[in-house]
Amino acid sequence: MHDSLLLFGATGDLAQRYLFPSLLHLLRDRLLPESFRVVAIGRTEHDDEGFRAWLRERIGGEARNNGALDNLLGRISYHPLNLNDVDGMAATLSRYADRPAVSYLSTPPNLFESACLGLKAAGLLDAPSRLVLEKPIGHDLASAREIDATLKSALDESRIFRIDHYLGKAPVQNLLALRFGNTLLEAVWDNRCIESVDILVAETAGVDGREGYYAGYGALRDMVQNHMLQLLALVAMEPPAALDADSIRDEKRKVLRALRPMTAAEVANDSIRGRYTAGVVEGSAAKGFLADSAVETFVGLRAWIDNWRWAGVPFRLVTGKRMPSRTTEVLVNFKPVTHWVFDRPDRDNARPNSLRMRLQPEETIELGLMGSLAAPEWGATELLPMSLDLAMLPPKRRIAYERLMIDALKGDQTLFVRDDEVEAQWRWIDSISSAWAQAGTPVHDYPAGSWGPAGAAGFLPRTVGKAGSRG
């Protein structure tokens, strides 16, 4: 395990909310080496003590009382740097090339290439040092390839870690265990038994403070290209030969390459775009999103995987800002039983089986079945939905980044995204962008606090309210 972490974007929101708290927990639990150090790099002018004081104000609570925060702060050095200044980066950071390091770029993608060149000049990308990059990797397939070419000029693919924090969440890993460790599920995991799959990422937050970034990306590039397609790939992948990094990522790549490109003729039926206007979210007034460009804050897609296992099964992907509630879930909808023999409910009102994996706000996996009420006042032939908790009791709920940071320090790429996966994801996303442009697909307004524009109802899973409705 490497014991030196260079954290770029140290004064950013991601670092404050997740990265430093993750390091705090890992140190508290003695999961990091005794010699572990953090070199924090940001744009704000601070000296070491100034940055430590700034960070102390933003991480409080129990950590202040048990000494864990002092332990973390004592390991941090800080440098304000311009990442476009390659020579300046090399001059400042070369002193940390005394041992193998993990450099973590929690920065906008337009800084990846210059930061990579600066790290290379400083000797911080020499083997066996590693590089971690946050999403998104580029803006489209062409820009992703440009970034990748710069990365490959500095280090090989085995030392590049493209992070997607959804892959660090316990239910995602539990899904693999349930699928490949149990005959019961693997036997029904195909188009013979599964009717459809829903993947929903709903956020109550808007794009406040990120208007400039979002105007250039939109929901399709910001959320679907990475998080949602990775979840789709894990649900749809074939059983890997082994649970090692390359075997798992080989199977994910096959799924992503099998995604049917969207065309202008299909885009009206298989997609919808929306942008939130003023409304009410969780009892508070919310302003609308204003942007000069025709960019969406809500997108609904119907994806088709052209292979033997999934032919004919729609994968519905929905993500939006300013939704009524915050939730991320995958819902696998099984087909109804072929012959219905029960009195109540009738066949048309019976709820088919489902597997629901929730990533937030709580992390759970539930299997939805039908069962009879064993009570004298009910007939034995009446069925009601029942839910089985398959997540059991995990030992401890962790921030997803904790697992991913440990894996990056150890060099385990299993839960990280490979270059060919990124290219396959962008190839499908680019087909949608092109189809939207050719068809002139409009961006429909929806009030903040609703489930998207009226036409979104056909894309939403049954576990949420109807499009356009409140709460």
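**Exercise 1. Salt bridges**

Solution. 

Step 1. A salt bridge here is a side-chain nitrogen of Lys or Arg within 4 Å of a carboxyl oxygen of Asp or Glu. The structure holds 39 of them. This is a predicted model: local features need pLDDT of at least 70, side-chain atom pairs count only at pLDDT 80 or more, and totals for chains, interfaces and linings use all residues. Residues are numbered from 1 along each chain as its sequence is written, and side-chain values use heavy atoms, with hydrogens and water left out.

Step 2. Take Arg145 and Glu423. They form a salt bridge, with the closest N and O atoms 3.4 Å apart. Arg145 sits in helix H7 (residues 141-154) and Glu423 in helix H14 (residues 419-439), so the pair ties together parts that are 278 residues apart in sequence. Helices (H or I, at least four residues) and strands (E, at least two) are DSSP runs, numbered from the N terminus. Arg145 has 40% relative accessibility and counts as partly exposed. Glu423, at 22%, also counts as partly exposed. The cut-offs: buried means under 20% relative accessible area, exposed over 50%, partly exposed in between (1.4 Å probe, protein chains only).

Step 3. Take Glu186 and Arg309. Their side chains meet in a salt bridge at 3.2 Å, N to O. Glu186 lies in helix H9 (residues 183-186), and Arg309 in the loop between strand S11 (298-304) and strand S12 (314-320), so the pair ties together parts that are 123 residues apart in sequence. Arg309 counts as buried, at 14% relative accessibility.

Step 4. Take Glu296 and Arg273. Their salt bridge spans 2.9 Å, N to O. The pair links distant parts of the chain, 23 residues apart: Glu296 is in the loop between strand S10 (284-286) and S11, Arg273 in strand S8 (residues 271-277). Both Glu296 and Arg273 are buried.

**Exercise 2. Backbone geometry**

Task: Which peptide bonds from Lys135 and from Gln360 are cis, and where do the prolines lie?

Solution. 

Step 1. A cis peptide bond joins Lys135 and Pro136, with omega about -5°. Pro136 is in the loop between strand S5 (130-133) and H7.

Step 2. The bond from Gln360 to Pro361 is cis too, with omega near 10°. Pro361 is in the loop between strand S14 (354-360) and strand S15 (364-372).

Task: Is Glu282 buried or exposed, and is Arg322 buried or exposed?

Solution. 

Step 1. Glu282 is a residue other than glycine with a positive phi, near 50°. Glu282 belongs to the loop between strand S9 (279-281) and S10. It is exposed, with a relative accessible area of 61%.

Step 2. Arg322 also has a positive phi, near 55°. Arg322 lies in the loop between S12 and strand S13 (327-334). It is buried, at 13% relative accessible area.

**Exercise 3. Surroundings of His79**

Task: Which residues does His79 touch, not counting residues up to four places away in sequence?

Solution. 

Step 1. His79 is in strand S3 (residues 76-80). It is buried, with a relative accessible area of 12%.

Step 2. List the contacts (heavy atoms within 4.5 Å). His79 touches Val39, Ala40, Ile41, Gly42, Thr92, Leu93, Arg95 and Tyr96.

**Exercise 4. Cavities**

Task: How many cavities of 30 Å³ or more are there, and what lines the largest cavity?

Solution. 

Step 1. On a 1 Å grid over the protein atoms alone, a cavity is a set of points where a 1.4 Å probe fits but cannot get out; lining residues have an atom within 4 Å of a point. Points are joined across faces, edges and corners, and a volume is the space filled by probe spheres set on the points.

Step 2. Count. There are 5 cavities of 30 Å³ or more.

Step 3. Take the largest cavity. Its volume is about 110 Å³. Of its 13 lining residues, Lys135, Ile137, Ile163, Asn226 and Val417 are the closest to its centre. Helix H10 (211-236) and H14 each supply at least two lining residues. H10 gives the largest share, 3 residues. The lining divides into 5 nonpolar, 4 polar and 4 charged residues. Ala, Val, Leu, Ile, Met, Phe, Trp, Tyr, Cys and Pro count as nonpolar, Asp, Glu, Lys and Arg as charged, and the others, Gly among them, as polar.

Step 4. Take the second largest cavity. It holds about 60 Å³ of space. Its lining is Leu167, Val172, Leu176, Leu234, Ile248, Lys252, Thr414 and Leu415. Helix H8 (170-180) and helix H11 (245-257) each supply at least two of the lining residues. The lining divides into 6 nonpolar, 1 polar and 1 charged.

How values were computed
1 Å grid on protein atoms, 1.4 Å probe; cavity = no way out; pocket = protein on both sides within 12 Å on 5 of 7 lines; lining within 4 Å.
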